[in-house]
Amino acid sequence: MKSRAAVFYGAGQPLEVREIDLDEPRPGDVLVRMAAVGICGTELHSIKGEWERPTPSVLGHEGAGIVEAVGDAVTSVKPGDRVVLSWAPSCGDCADCRRGRPAACVTLHRAIGGGTLVDGTTGMTIDDEMLYRGTATGCMQELVTVTERVALPLGDGVTLEEAALLGCAAMTGVGAVLFAARTEPGEVVLVIGAGGVGQFCVQGARIAGAEAIIVVDPLDARLELACELGATHTTGPDGLKELMKSTFPDGADRALDVVGNPETSALALRFTRSGGTCVIVGIPATGERLDLDFGEFNRREKFLTGTMYGSEDPAVALPLLLDHVREGRLRLRELLGQTYPLDNVNEAFEASLSGSPGRVLVVPGR
Ligand SMILES: [Zn+2]
Ligand SMILES: [Zn+2]
């Protein structure tokens with residue numbers, strides 16, 4: 001089978017939209033015609049050369065589309081169904097998978113590092129050579145084959161463009177607040193970084209019933225959007241210290257570093273109250289290390305943890321998120337940025353790199 005894909009050859013080189021070959025779906029596979037694919041911050045690590053991954057590859061791990069065909073063993077979806085893709089086609093039987101955390105699956109992370117699916121294959125070739133998959137998915141193309149477990153039924157009430165955001169940004173951001181930070185009603189939540197995932201952290205905090213939601217970002221447009229979505233206090237990075245000192249001198253009950261670099265993580269931990277929880281949501285460049293004061297832990301008894309993909313099984317979290325969407329608590333439309341046809345994928349990446357406040361989408365069907 002043929003598909004048209006945005007092929008990534010390496011940092012500093014433009015993506016090339018090329019015709020590629022897909023293997024026929026295996027019995028447990030689902031063939032999906034992609035309608036919308038979001039450009040997630042982790043793709044930008046690849047584009048900027050901050051991660052070593054095999055190439056040529058197809059990026060894209062946050063998307064939604066319509067089932068085109070299914071293998072004989074597939075029972076949960078049928079052709080014509082609308083689906084959102086999870087990027088965690090995990091092994092299903094390691095200790096992490098069994099505790100309901102497929103995104104922590106070691107086999108999956110080995111596959112992500114190797115640019116393949118968990119069985120070491122990719123099911124895709126270009127010029128008769130292996131074509132690798134970004135984040136064990138590679139959906140920035142017209143058609144993609146995925147395992148049944150990650151083609152999650154969407155139902156009605158949400159457009160495919162909105163649904164694409166559920167596949168990574170929403171799951172990650174809302175999950176970080178609800179399932180990793182375990183935010184309680186009435187708490188003070190600090191969110192550092194208000195890109196796509198950060199805006200979903202804001203919404204997660206509102207859904208959790210936080211009393212104050214403080215958002216830090218250098219870009220005013222992002223802070224304005226955060227206010228629309230539930231932020232109660234916003235500031236640029238330079239104003240954070242003064243804001244916390246004057247308004248929240250004890251610190252935040254829950255602090256989230258959605259940027260994921262040593263400075264922002266240290267900042268989030270510093271402004272976490274004694275005994276509070278700090279969660280690292282953003283993913284750093286390869287090789288980064290944290291340098292933290294012991295006093296944060298032994299004198300002030302803070303908790304520091306990280307989260308991957310919202311710290312919940314996507315198959316469990318997605319129906320919860322869809323309920324929030326249908327009840328109007330979780331807003332997706334406000335998070336949509338510009339859309340670009342597949343042929344203009346390089347413009348889409350430029351828009352995303354420039355810090356566009358909404359999620360930039362590639363719409364392969366257009
Ligand atoms: Zn992502
Ligand atoms: Zn596993």
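The mean positions of the 33 positive and 50 negative charges of the chain sit 5 Å apart, with Lys and Arg taken as positive, Asp and Glu as negative, and His and the chain ends left out of the count. Each charge is placed at NZ of Lys, CZ of Arg, CG of Asp or CD of Glu. The model is a predicted one, so local features need pLDDT of at least 70 and side-chain atom pairs count only at pLDDT 80 or more, while totals for chains, interfaces and linings use all residues. Side-chain values use heavy atoms, with hydrogens and water left out, residues are numbered from 1 along each chain as its sequence is written, and chains are lettered from A and ligands numbered from 1 in the order in which they are written.

As for the overall fold, the chain holds 11 helices and 19 strands; these are DSSP runs numbered from the N terminus, helices being H or I with at least four residues and strands E with at least two. Its radius of gyration is 20 Å, close to the 21 Å that the globule rule gives for 366 residues, so the chain is as compact as a globular protein of that length. That radius is taken over C-alpha atoms, and the rule itself is 2.2 Å times the number of residues to the power 0.38. Along the principal axes, the C-alpha trace spans about 60 × 40 × 40 Å.

Of the 366 residues, 56% count as buried, meaning under 20% relative accessible area, against over 50% for exposed and anything in between for partly exposed (1.4 Å probe, protein chains only). The accessible surface of the chain comes to about 15,000 Å², and carbon and sulfur atoms make up 49% of that; areas come from the Shrake-Rupley method with a 1.4 Å probe, and for residues only the protein chains shown count as cover. Among contacts (heavy atoms within 4.5 Å) with a separation of 6 or more, 69% link residues 24 or more positions apart.

Now to the metal. The zinc ion (ligand 1) has Cys40 (SG), His61 (NE2) and Cys168 (SG) as its protein donors, at 2.0 to 2.2 Å. Cys40 lies in the loop between strand S3 (29-38) and helix H1 (41-47), and His61 in the loop between strand S4 (57-58) and strand S5 (63-70), so the pair ties together parts that are 21 residues apart in sequence. Donors here are N, O and S atoms within 2.8 Å of the metal (3.2 Å for Na, K and Ca), and sites may look incomplete because water is not among the atoms. Cys40 is buried at 5% relative accessible area, and His61 is buried at 1%.

A few backbone details stand out. The peptide bond from Thr55 to Pro56 is cis, with omega near 0°, and Pro56 falls in the loop between H1 and S4. Ala136 is a non-glycine residue with positive phi, near 55°; it is buried at 4%, in the loop between strand S9 (132-133) and strand S10 (143-147). Arg182 also has a positive phi, near 50°, but this residue is exposed at 52%, in the loop between helix H4 (160-180) and strand S12 (188-192).

Ala136 turns up again among the contacts of Thr116, which include Ala111, Tyr132 and Arg133, leaving aside neighbours within four places in sequence. Thr116 is buried at 10%.
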